[in-house]
Amino acid sequence: MPVTVGVEEEYLLVDPVSRQVSPEAEKVVALAAAELGERVTTEFTRYQVEVRTDPHTSLTRLGDQLRSTRASVSRAAARLGLAVISSGTPVLGQQTPPPVTPGDRYAQSVATYGALDHEQTVCAAHVHVGVPDETTAVQLSNHLRPWLPALIAMTANSPYWEGQDTGYASWRTTTWGRWPVAGPPPYFTSRDHFQRLVDTLVTSGTVMDRGSLYWDIRPSHHVPTVEVRVADALPTVMDTVLLAGVIKGLAATAFAAIRRSQPAPEVGPELLRAACWRAAHDGLAGDTIDPRTGRLEPAAVLNKRLADAVSAALGTADLASLQAAQTHLLTHGNGADRQRAAYRQRGHLPDVVDHLIHSMTALDYCRHSVSDRRDASDEP
């Protein structure tokens, strides 16, 4: 069976004049819903809009839907004199604590977790991989977890917080790690192990419910997917397609290993956590730890190893999309590199916001680099 992937993206609303975040998400969602229906919704803060795609087997069609979805949200925001950016953190203007979207669940979160919610004006890109059952979901999580540092380095897009450079490529990853159940998931020995741990976390009050499991990889609690939650919100559609394509390739490879009863490598949690921290700090520009060997090596080397690992699992059209996006990433850097490059032009943070506004709906050559031919992995 072909591997299906779907994407959730979280965006920030900004005033295009002040370049500060704007708490008008409910109004923008109401307007965008005329085109997107239930595929657009609010998020935790009133600065944020969340969208989701349908499941896809073709990266080209996934990219097309993401592109049209971003355009719809941007048009809705423009009707209110606002703009939309896709960044892991705001660059300018967030309040602490932020204005929270009304709703019982969000109110319960604030009451339960207090100041942990004060710095959650953060946005991510989540990729859902279709799975047949929860046993396969748990096994897939085990196979994907050693690649988390490489995925963080590739997708880092949150260097700024409260108008300052944090020194991290992904500040969102760092702040998110404060939650009681966040970061790399455990290695699960079985579905029962997963279920027992989740039941303990819920009954102990550590999490409100399964929807509050904030691991970087988790079996979804409401749809038959594994949700890979490790990435910052990404600046362009091409970046998101690259993420989805890499995860699709990793999943296809993992499914083949699962069918052969081949166990996933057991990477120790301490080393994996350290490797994820290093990747969030350095991004692609520095070094990271290969959690399977413990060796420190250039993040770009680990990223190339990641790309090589998935290339054999993708069809012709998907591979063309992935290669174009990977070339762009290696040439221009990840989102954090591009944000900092925009700042260096004049030393002016509003220029970073302008760069992100342009990136939100900019045409990229990834779509046009893929021919109209279809292979066996594409949708009919």
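How many residues lie between β10 and β11 in the hairpin that they form? There are five residues between the two strands. Strands here (E, at least two residues) and helices (H or I, at least four) are DSSP runs, numbered from the N terminus. The structure is a predicted model, in which local features need pLDDT of at least 70 and side-chain atom pairs count only at pLDDT 80 or more, while totals for chains, interfaces and linings use all residues. Residues are numbered from 1 along each chain as its sequence is written, and side-chain values use heavy atoms, with hydrogens and water left out.

Eight of the eight residues of β11 (residues 225-232) are buried, so the strand is largely enclosed by the rest of the structure; buried means under 20% relative accessible area, exposed over 50%, and partly exposed in between (1.4 Å probe, protein chains only). Pairing of two strands requires that DSSP finds at least two bridges between them. Strand β10 (residues 217-219) pairs with β11 in the antiparallel sense over three bridges, with Ile217 opposite Val228. Strand β5 (residues 124-130) also runs antiparallel to β11, joined to that strand by six bridges, and His128 faces Glu227.

A further hairpin is formed by β2 and β3, with five residues between them. Of the five residues of β3 (residues 48-52), four are buried, so this strand too is largely enclosed by the rest of the structure. Three bridges link β3 to β2 (residues 40-42) in the antiparallel sense, and Val51 is the bridge partner of Val40. Antiparallel to β3 runs β1 (residues 5-14), through five bridges, where Tyr11 stands opposite Val49.

A cavity is a set of points, on a 1 Å grid over the protein atoms alone, where a 1.4 Å probe fits but cannot get out, and lining residues have an atom within 4 Å of a point. Grid points are joined across faces, edges and corners, and a volume is the space filled by probe spheres set on the points. Two cavities of 30 Å³ or more are found by this rule. The second largest cavity holds about 40 Å³, and its lining includes Met154, Asp239, Asn334 and Arg338. Helices α5 (148-155), α8 (237-259) and α12 (335-346) each supply at least two lining residues, and α8 gives the largest share, three residues. By type, the lining divides into five nonpolar, three polar and two charged residues (Ala, Val, Leu, Ile, Met, Phe, Trp, Tyr, Cys and Pro count as nonpolar, Asp, Glu, Lys and Arg as charged, and the others, Gly among them, as polar).

Methods: On a 1 Å grid over the protein atoms alone, a cavity is a set of points where a 1.4 Å probe fits but cannot get out, and a pocket is an open set with protein on both sides within 12 Å along at least five of seven lines; lining residues have an atom within 4 Å of a point.
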